[in-house]
Amino acid sequence: MSTPSFRLAFLPLPSFPCLPGPRRWRGGRSTARPTQAKGGTDKRGASRGWDISLRHPAMDYLEREYIAYEQRMQRHEEVEERQEQRRDQSRWTQRAGSLSSGPVSPPALVWLLGRRYHGLEDASWRGDFSSLIWCSYRRDFPRLAPYRYTTDAGWGCMIRAAQMIMVQGLKVHFLGRGWRVPHKLEDRRRCRAFVDLVSLFVDRPAMEHVYSLHNFTKVGHATVDKLPGEWYGPAAASAVLRDLAAVHRYRLASQLALVVAKNEVVYLDDIDRHCSVASPQDAGEEKDEAHDATVPSEATAEPLDPAAAAGGGEPESLFFDPLLHIPPEPTAPPPSEPVTNPTWDASLLLLIPLRLGLESVPPEHAARILAMLELPQSIGFIGGRPNHAIYFFGHHGNELHGLDPHTTQPTPEVEDEEFPSLEFLASLSCPRPQKLRVDRLDPSLALGFYFRSWEDLNQWHECIEEMAKDGGPMPFRVEMTTPAPAEDPDPLDLTFEDDIEAATGTNPVEDEDGFLLI
């Protein structure tokens, strides 16, 4: 009687690191891939006598256990992430605790342009966010003569961020802080004030598009020595906006003055001088031509060259040159004492370029930056990461919210009768905010504030003084008067006898050769 022979059938297992095998694990299911010999037979299955295509019921159990293990690990990671966020918020609250006098918001509150909301799902927050105008990269615009650039993708992010803070200031100036963009695109096209506002930023070299990329780069080349294709910093962008805003004020009657703080110091008498002077030339005529609280349209702009006015298009050599339209600075001498309640002829947009460190913003300055976004006069700030500029308009705890211009979109055709097109109007709304932790912010930035009257500036000044009372470092200072410029010494006076006599109380002695002995 022959003894029966038995063959052991080995169950195929998943390819864990400790159990190498031919099976692969994909999306919670295992697939068998037997290794074939040259003759087309299974090297392992033929020799061992088992069918590798069979599936043992135990594999279902192993799969369920593995999937459950992955789900438990995912829940564990989510719990750890929430705990880490709470620890970060606790550390941030402790760091900002010393700034008790500043308006530091609790982590659960959301701030947007000086207003507080209860969360990102708040209907008021969504309405205000959708009303922010988004300026992004553009392509296929008229080339930046004499250069061949027809797109600013890769180098114009700071210019776009500067356009966003400027258009936000103009929107508050002309339409008010509570105005919201109509929800429907057709309604936006019918809103003439909104169309005139965004037309100021269309990329064309003309007066009615005073804040276009063409005018920005041309003034930047003369003012801050920046060529098209070079990256701007916040201070350089603020200086260019100052000159373009002067053109807008005196040629298109915007009734908005833009002042850039010098050396991180705001001088109130300098602000009064800029806002109280109607115009450095023909103030009466300019004031008569101004219209009340409306955006200047094409009818108020200066005529272009005859070729363009005749409908033949603008030659490349003839276009609006903003350098020929920048008015001189007000020459009125600063008053000896600041005026207590001056009468302004124009509202104010204040930009304060700052450098708050070498590589990152210190925690004490970061808390101040968040507090600045909570002031009712705030219109945000421009900054971001190195070579990655963003316009920031608010924050949620220690997380900044901004509009990122790094999206390339087509340039609208202003010659089209249907301008602005619905596609162009849709491209001005950003779908979601860009988020950045404040401790990752680049230390170079520029704060923006809007003041409709001197009373707003005085209220803002009082808030800044309240913040400074706790003794913590402030990112900038506010002074009442501008210091008198130091007199330059006579370059031919090499003896400085008066200085020596004042310091020593004796007269200097000269030897017989006429040399001064000290």
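Reply: Helices (H or I, at least four residues) and strands (E, at least two) are DSSP runs, numbered from the N terminus. The model is predicted: local features need pLDDT of at least 70, side-chain atom pairs count only at pLDDT 80 or more, and totals for chains, interfaces and linings use all residues. Residues are numbered from 1 along each chain as its sequence is written, and side-chain values use heavy atoms, without hydrogens and water.

Start in helix H3 (residues 123–130). Trp125 and Phe129 both lie there, four residues apart, about one turn of the helix. Both are buried (under 20% relative accessible area; exposed is over 50%, partly exposed in between; 1.4 Å probe, protein chains only).

A salt bridge puts a side-chain nitrogen of Lys or Arg within 4 Å of a carboxyl oxygen of Asp or Glu. The structure holds 16 of them. Arg160 and Asp203 form one, at 2.9 Å, N to O. Arg160 sits in helix H4 (residues 157–175), and Asp203 in the loop between helix H6 (192–199) and helix H7 (213–223), 43 residues apart. Arg160 is buried, at 2% relative accessibility. Asp203 is buried too, at 2%.

Arg204 is buried at 9%. Its side chain meets Glu413 in a salt bridge (3.5 Å, N to O). Glu413 lies in the loop between strand S12 (408–410) and helix H13 (422–426), and Arg204 in the loop between H6 and H7, so the pair ties together parts 209 residues apart in sequence. Glu413 is partly exposed, at 48%. Arg204 also forms a salt bridge with Glu415, with the closest N and O atoms 3.7 Å apart. Glu415 is in the loop between S12 and H13, 211 residues from Arg204. Glu415 is exposed, at 60%.
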